[in-house]
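Dear colleague,

I am handing over the structure we spoke about, and my notes on it follow below. Please keep the sequence open beside the coordinates as you read.

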Amino acid sequence: MNRALSRRAVLRLIKAGDWVALLLAAAGTAALAPLALSGGAAEKAVVRRDGVVVAELPLNAARRVRVDGALGVSVIEVQPGRARVASDPGPRQYCVRQGWLTQANAIAICAPNHLSLSIVGRTAGHDSLAY
Amino acid sequence: MTRSPIDLVATADDHRVARYAAAAIALSVVEAAIPMPLPGVKPGLANIVVLVVLARYGWRDAVWVSLLRVVAGSLLLGQFLAPGFFLALAGALASLMALGVAMHLPVRAFGPVTQSLAAAFAHIAGQLVVARLWLVPHDGLWLLTPFFALAALVFGLANGLAAARLLEEVGEPPAARPA
């Protein structure tokens with residue numbers, strides 16, 4: 001067993017061209033890696049009033065935006081990669097208590113104020129993929 | 001008992017293919033018991049057998065062993081004609097084509113490791129194309145490619161090494177490759 005698994009024994013099994021193939025395969029795999037990291041990442045926050053888009057905020061810089069709703073002013077806070085409703089005049093505060101939205105297709109709805117905050121990824125479409 | 005009018009004569013070639021196919025089927029049943037983090041990711045241990053057959057008896061026998069493995073393996077696991085069966089079939093056909101090309105590389109420089117890597121990457125490519133066209137018609141599927149590629153890299157290398165080691169043990173072609 002030791003003989004079969006020694007480093008020299010393993011290296012003997014790999015020929016010169018095999019190293020080239022291995023290198024190519026590893027490079028190809030590495031080139032695909034960004035795809036795994038970008039997958040489903042949030043790209044911008046969309047604020048709607050009565051279904052009409054009133055603001056589109058890219059999620060690459062921090063900022064706070066005030067949006068007029070039916071009851072009053074809601075404050076939308078954006079930080080790199082996430083967004084939330086920081087304050088809202090609604091009575092039950094559901095959308096505020098939902099906290100930070102980070103995933104594409106996530107949504108916080110401030111129904112009393114007629115506002116919604118949703119996160120859009122690179123491709124809108126299906127909410128999820130299940131096996 | 002009436003005597004069957006059909007006589008199936010099994011040649012020595014048939015017996016050899018059947019023996020190797022049995023080994024490949026056993027390996028795919030064994031690996032079905034290994035839990036994997038991603039559905040569709042498997043070590044593909046049966047490909048070790050296919051690589052050995054390819055080196056010793058040529059491409060035609062490798063095709064037989066590989067396809068028998070897919071059909072009989074799926075029958076044993078209750079996967080026959082289920083979506084997983086077609087994914088396995090697509091992967092097997094793609095990797096057989098890749099093997100058909102890779103076996104013609106200069107033998108001096110390229111061994112089973114190269115063939116195994118080519119087969120592994122062709123396997124995931126074939127699977128992903130069929131999955132995209134038929135089972136999951138959504139571009140989100142491509143987000144899985146990095147994980148499948150990583151699996152192909154790791155298991156392709158491991159299987160190639162295993163096949164190379166086995167070939168060292170049993171020796172290279174007994175009667176060279178039938179052209």
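In which strand of chain A is Asp68(A) found? The answer is β3, residues 63-68 of chain A, where helices (H or I, at least four residues) and strands (E, at least two) are DSSP runs, numbered from the N terminus. Before going further, please note that this is a predicted model, in which local features need pLDDT of at least 70 and side-chain atom pairs count only at pLDDT 80 or more, while totals for chains, interfaces and linings use all residues. Residues are numbered from 1 along each chain as its sequence is written, and chains are lettered from A and ligands numbered from 1 in the order in which they are written.

To stay with Asp68(A) for a moment, this residue is partly exposed, because 13 other C-beta atoms lie within 10 Å; by the definition used here, a residue is buried if 20 or more other C-beta atoms lie within 10 Å of its own, exposed if 12 or fewer, and partly exposed in between, with C-beta atoms placed from the backbone. In sequence Asp68(A) is 47 residues from Leu115(A), yet their C-alpha atoms are 8.7 Å apart in space.

Chain A as a whole has four helices and seven strands, and from the N terminus its elements run α-α-α-β-β-β-β-β-α-β-β. Of its 131 residues, 20% are buried. Among the contacts in chain A with a separation of 6 or more, 34% join residues 24 or more positions apart, a contact meaning that the C-beta atoms of two residues, placed from the backbone, lie within 7 Å.

Chain B has six helices and zero strands, so that its pattern along the sequence reads α-α-α-α-α-α. Buried residues make up 41% of its 179 residues, and 75% of its contacts with a separation of 6 or more are between residues 24 or more positions apart.

The length of α2(B) agrees with expectation, because its 12 residues at 1.5 Å a residue should span 16 Å and its end C-alpha atoms are 16 Å apart, the expected span being 1.5 Å times one less than the number of residues. Just after α2(B), Gly58(B) takes a positive phi of about 95 degrees.

Helix α4(B), residues 83-102, packs with α5(B) at an angle of about 140 degrees, with the axes 7 Å apart; axes are lines fitted to C-alpha atoms, for helices over the stretch in contact, and angles run from 0 to 180 degrees between N-to-C directions. The two are therefore oblique to each other, given that angles under 35 degrees count as roughly parallel, over 145 as roughly antiparallel, 65 to 115 as roughly perpendicular and the rest as oblique. Residues that meet there include Phe86(B) and Leu87(B) from α4(B), and Ala118(B) and Val130(B) from α5(B). This contact divides into 17 nonpolar, seven polar and no charged residues, where Ala, Val, Leu, Ile, Met, Phe, Trp, Tyr, Cys and Pro count as nonpolar, Asp, Glu, Lys and Arg as charged, and the others, Gly among them, as polar. The axes of α5(B) and α6(B) come within 7 Å and cross at roughly 145 degrees, and that contact has 16 nonpolar, seven polar and no charged residues.

After α6(B) comes the segment that holds Gly171(B), which takes a positive phi of about 90 degrees. Gly171(B) counts as exposed, because it has 9 C-beta neighbours inside 10 Å.

Finally, the contact between the chains takes 27 residues from chain B and 24 residues from chain A. On the chain B side, α5 (112-135) and α6 (145-170) are the elements that give two or more residues, and α6(B) supplies the largest share, 11 residues. By class, that side has 19 nonpolar, six polar and two charged residues.

With best wishes
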